[in-house]
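User: I have a structure open and want to talk through it. Can you take my questions as they come?
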Amino acid sequence: TPETGLYTELLDVALEAARRAGALLHEERPEGLGVAATKTSPIDVVTEMDLASEKLITAYLAEFRPEDGLLGEEGANSEGSSGVRWVVDPIDGTVNYLYGRQDWAVSIAAETAGETVVGVVAAPARGHVYHAVRGAGAWLGGERLRCRPAPPLAESLIGTGFGYVRERREAQAEVVARLLPQVRDIRRSGSAALDLCDVAAGRLDGYYERGTHAWDYAAGELIAREAGALTGGRAGRPVGPDLAVAASPGVFDELQPLLEALGAWHD
Ligand code: IPD
Ligand code: CA
Ligand code: CA
Ligand code: CA
């Protein structure tokens, strides 16, 4: 089909852009990297490398896909005329990157008609490159990913994250306090994109978070779905900033209603 050719081209572009940005971040991480600026709160940080990565990706896309639109966390925002829009997180897991921890990634998704059709999440410090193409599966390198056969929720390992809007953190902690006794355990990796890839790869049974943005979840959500996971937001709606849930199908059916009941969302 005509889509197959387009999707293959978009995948190749996304893989190469993520490879280049990942190499820059991994190999050129400055000694004594510090915080360049703060955003919504003093704990919501950006480093010079977030900006350098977004600049590299923006320039690469402008060269090879000049007609496409682009949304990037650090400010890239253009309409485009081709019907394709890129959604880019130049470092997902900036706090981990700042501290020299391993769970950070470059996340690049391509949308057509508002639907994600290609997703790439490259995590160089883990040595992992994940990708998915709509209808063609999710992959870690050459290995096809399948989410984990669902255990009961009580035996599920659940990932989550906390946004950097400080006023919301107490409420997020209350949800964790209520959820923790009802599951096997909880993980907080510090990268929403990798949490979603971990659901895809069977390293988590489920993941939820409130307050994430399209650049955090666009690529990872497609990777999770193509690995057989269910994803969604509040009340049958798609994943959104108010709530993002991804899990093995059996776990999703228990986790999503429980999160609704615990008020794990915001308007
Ligand atoms: C953050 C990470 C983190 C999540 C936050 C995100 P950033 O992205 O994905 O895991 O809990 O909500 O903002 O700022 O490191 O790109
Ligand atoms: Ca950020
Ligand atoms: Ca992010
Ligand atoms: Ca980021």
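User: Leaving aside neighbours within four places in sequence, what is Leu196 in contact with?
Analyst: This is a predicted model. In it, Leu196 is in contact with Tyr207, Tyr217, Gly220, Glu221, Ile223, Ala224 and Ala246, leaving aside neighbours within four places in sequence.

User: And which residues of the largest nonpolar core touch the most other members?
Analyst: Leu196 is one of them, along with Ile108, Val121, Val199, Ala200, Ile223 and Ala247. The core has 76 residues.

User: Which helix gives the largest share of this core?
Analyst: Helix H6, residues 214-226, with eight residues. The core takes at least three residues from domain 1 (2-144) and at least three from domain 2 (153-262).

User: OK, domains then. How far apart are the C-alpha centres of domain 1 and domain 2?
Analyst: 21 Å. On the domain 1 side, 31 residues are in contact with 23 residues of domain 2.

User: Which strand supplies the largest share of the side of domain 1 that touches domain 2?
Analyst: S7, with five residues. Elements that supply at least two residues each include strand S3 (69-72), strand S8 (128-133) and strand S9 (138-140). By class, that side of domain 1 has 16 nonpolar, nine polar and six charged residues.

User: Now the ligand. How many residues surround ligand 1, and which are the closest?
Analyst: 17 residues surround ligand 1, and the closest are Asp92, Thr94, Gly161, Gly163 and Ala192.

User: How does the shell around ligand 1 divide by class?
Analyst: Four nonpolar, eight polar and five charged residues.

User: Which strand gives the most to that shell around ligand 1?
Analyst: Strand S5, residues 84-92, with three residues. As for domains, the shell draws at least three residues from each of domain 1 and domain 2.

User: Which residues of H1 are buried?
Analyst: Leu10, Val13, Ala14, Ala17, Ala18, Ala21, Gly22 and Leu25.

User: What covers the buried residues of H1?
Analyst: The cover includes helix H2 (48-64), S5, helix H3 (94-98), strand S6 (105-112) and strand S7 (115-123).

User: Same check for H7: what should its 14 residues span?
Analyst: 20 Å at 1.5 Å a residue, and the end C-alpha atoms of H7 are 20 Å apart, which agrees.

User: Which residues are buried in H7, and what covers them?
Analyst: The buried residues of H7 are Val251, Phe252, Leu255, Gln256 and Leu259. Their cover includes strand S13 (206-209), S14 and S15.

User: What follows H7?
Analyst: Gly263, with a positive phi near 70°.

User: What about residues other than glycine: what is the phi of Ala113?
Analyst: Near 50°, a positive value in a residue other than glycine. Ala113 sits in the loop between S6 and S7.

User: Is Ala113 buried or exposed?
Analyst: Ala113 is exposed, because 8 other C-beta atoms lie within 10 Å and the cut-off for exposed is 12 or fewer.

User: And what is the phi of Ala235?
Analyst: Also positive, near 45°. Ala235 is in the loop between strand S14 (230-232) and strand S15 (244-247). With 11 other C-beta atoms within 10 Å, Ala235 is exposed.

User: Last one. Where does Glu48 lie?
Analyst: In helix H2. Glu48 is partly exposed, with 13 other C-beta atoms within 10 Å. Glu48 and Phe162 are 23 Å apart in space, C-alpha to C-alpha, and 114 residues apart in sequence.

Key:
Residues are numbered from 1 along each chain as its sequence is written. Chains are lettered from A and ligands numbered from 1 in the order in which they are written. This is a predicted model: local features need pLDDT of at least 70, side-chain atom pairs count only at pLDDT 80 or more; totals for chains, interfaces and linings use all residues. A nonpolar core is a set of buried Ala, Val, Leu, Ile, Met, Phe, Trp, Tyr and Cys residues joined through C-beta atoms within 7 Å. A residue is buried if 20 or more other C-beta atoms lie within 10 Å of its own, exposed if 12 or fewer, and partly exposed in between; C-beta atoms are placed from the backbone. Helices (H or I, at least four residues) and strands (E, at least two) are DSSP runs, numbered from the N terminus. Domain bounds come from an automatic or database domain assignment. Two residues are in contact if their C-beta atoms, placed from the backbone, lie within 7 Å. A residue is near a molecule or strand if its C-beta atom, placed from the backbone, lies within 6 Å of it. Ala, Val, Leu, Ile, Met, Phe, Trp, Tyr, Cys and Pro count as nonpolar, Asp, Glu, Lys and Arg as charged, and the others, Gly among them, as polar. The expected span of a helix is 1.5 Å times one less than its number of residues.
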